[in-house]
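Please examine the sequence and the structure shown below. The briefing that follows is arranged by topic.

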Amino acid sequence: MAGPAFRAAAVRVRVPATSANLGPGFDTLGLALGLYDDVVVRVADSGLHIDIAGEGAETLPRDEGHLLVRSLRTAFDLLGGQPRGLEVVCANRIPHGRGLGSSSAAICAGIMAARAVTTGGEARLDDTAMLELATEIEGHPDNVAACLLGGFTLAWTDAGAARAIRMDPSDSIVPVVFVPARPLLTETARGLLPRTVPHVDAAFNAGRAALLVEALTRRPELLLAATEDRLHQEYRAPAMAESVELVNRLRSEGVPAVISGAGPTVLALPEAGGAAEKVARLAGAEWAANRLALDTAGACVLPLGSGGGTGPAGGPGGTGPGLETTGGTAQ
């Protein structure tokens, strides 16, 4: 394969937050949410320059160690070669270390931006290859599938290769997230899981995961039963006791609620009609109920001048979308 040519113009990529597992669908099911990171990438004559606004602006590295840059580099290798230099501007709105797919967003943004800035990139790295590469970097496909495809996704591996299908979630569902102030490393959460589980619990989760496909797409009235889990949430409770307590409190009041990904964010999935306000009241004043839309587009390349752009106030050039607080107290 001949070395690639690169576009002179910058490209802008938008990637959504995601919630994985959704209760019983451990490492398999994912949901894309209307909270976004924006990334602008331009090929430069030399060097690497990174500007970060929003989440992680004070803590993320501004060198080759940045996850987005590592994903760019890996994708460029598959696309045929590295550019001489890179300028990267990040407007981050997805909270880090909270179970909302911030690492998957960075990975998918890097891969998609590399493809977009490479002439003929889509022919060299198609959508299936993007999913496989993102999964290889992330380690599992649930979040990256939802981030790339949008909507409600079911991901699996076939002979070691990642695969996913996308479904349309019911538009009557109103995702509400409760984001704690303190992060939790995914490695910490995974370290609490047992190596084996009882067969009866595995069978229980298999049935609930199958039911969740029907509940999220066509029959949301079944979501309370469909989001029951016996494989991971209670095992992780010692690391996020307040989050698990909130899940149990909401569920006792008939609200479908789960730990989002590896936690500690709590995701509630009530139906429309004052649902967010009801959930906020049930959660109590110590939690902020943040209502989000369902994302149906997934990762995409946008015009540089469109809303939500790359400035520090809310992204490149505008305020952009963010968390809408509907009740409670921010932590």
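**Structural briefing**

T135 lies in helix α4 (residues 127-138); helices (H or I, at least four residues) and strands (E, at least two) are DSSP runs, numbered from the N terminus. The model is a predicted one, in which local features need pLDDT of at least 70 and side-chain atom pairs count only at pLDDT 80 or more, while totals for chains, interfaces and linings use all residues. Residues are numbered from 1 along each chain as its sequence is written, and side-chain values use heavy atoms, with hydrogens and water left out.

**Surroundings of T135**

- T135 counts as buried because its relative accessibility is 9%; buried means under 20% relative accessible area, exposed over 50%, and partly exposed in between (1.4 Å probe, protein chains only).
- The T135 side chain comes to 2.8 Å from the backbone oxygen of L131.
- Residues up to four places away in sequence aside, T135 touches H140, P141, V144 and A162, where contact means heavy atoms within 4.5 Å.

**Strand pairing**

- A162 belongs to β6 and stands opposite T157.
- Strands β5 and β6 (residues 161-167) are paired antiparallel through seven bridges; two strands pair if DSSP finds at least two bridges between them.
- Two residues separate the strands in the hairpin of β5 and β6, where A159 has a positive phi near 55 degrees.
- Strand β5 (residues 152-158) is also joined to strand β2 (residues 25-44) by three bridges, and these two run antiparallel.
- L154 in β5 is the residue opposite L29.

**Nonpolar cores**

- The largest nonpolar core holds 64 residues, among which L72 and V88 touch the most other members; such a core is a set of buried Ala, Val, Leu, Ile, Met, Phe, Trp, Tyr and Cys residues joined through side-chain atoms within 4.5 Å.
- Helix α2 (residues 102-117) supplies the largest share of this core, with 11 residues.
- Neighbours within four places in sequence aside, the contacts of V88 are V39, V40, V41, L48, H49, I50, D51, L68 and L72.
- Another core lies apart from the largest one and has 23 residues, including A257, V266, A276 and V279.

**Helix α10**

- The buried residues in helix α10 (residues 275-283) include A275, A276, V279, A280 and A283.
- These buried residues line one face of α10, because they fall within an arc of 135 degrees when seen down its axis; the arc is that of the directions from the helix axis to the C-beta atoms.
- G284 follows α10 and has a positive phi, near 100 degrees.

How values were computed
A polar contact is a pair of N or O atoms within 3.5 Å; within protein, one must be able to donate a hydrogen and the other to accept it, and residues adjacent in sequence count only if both atoms are side-chain atoms.
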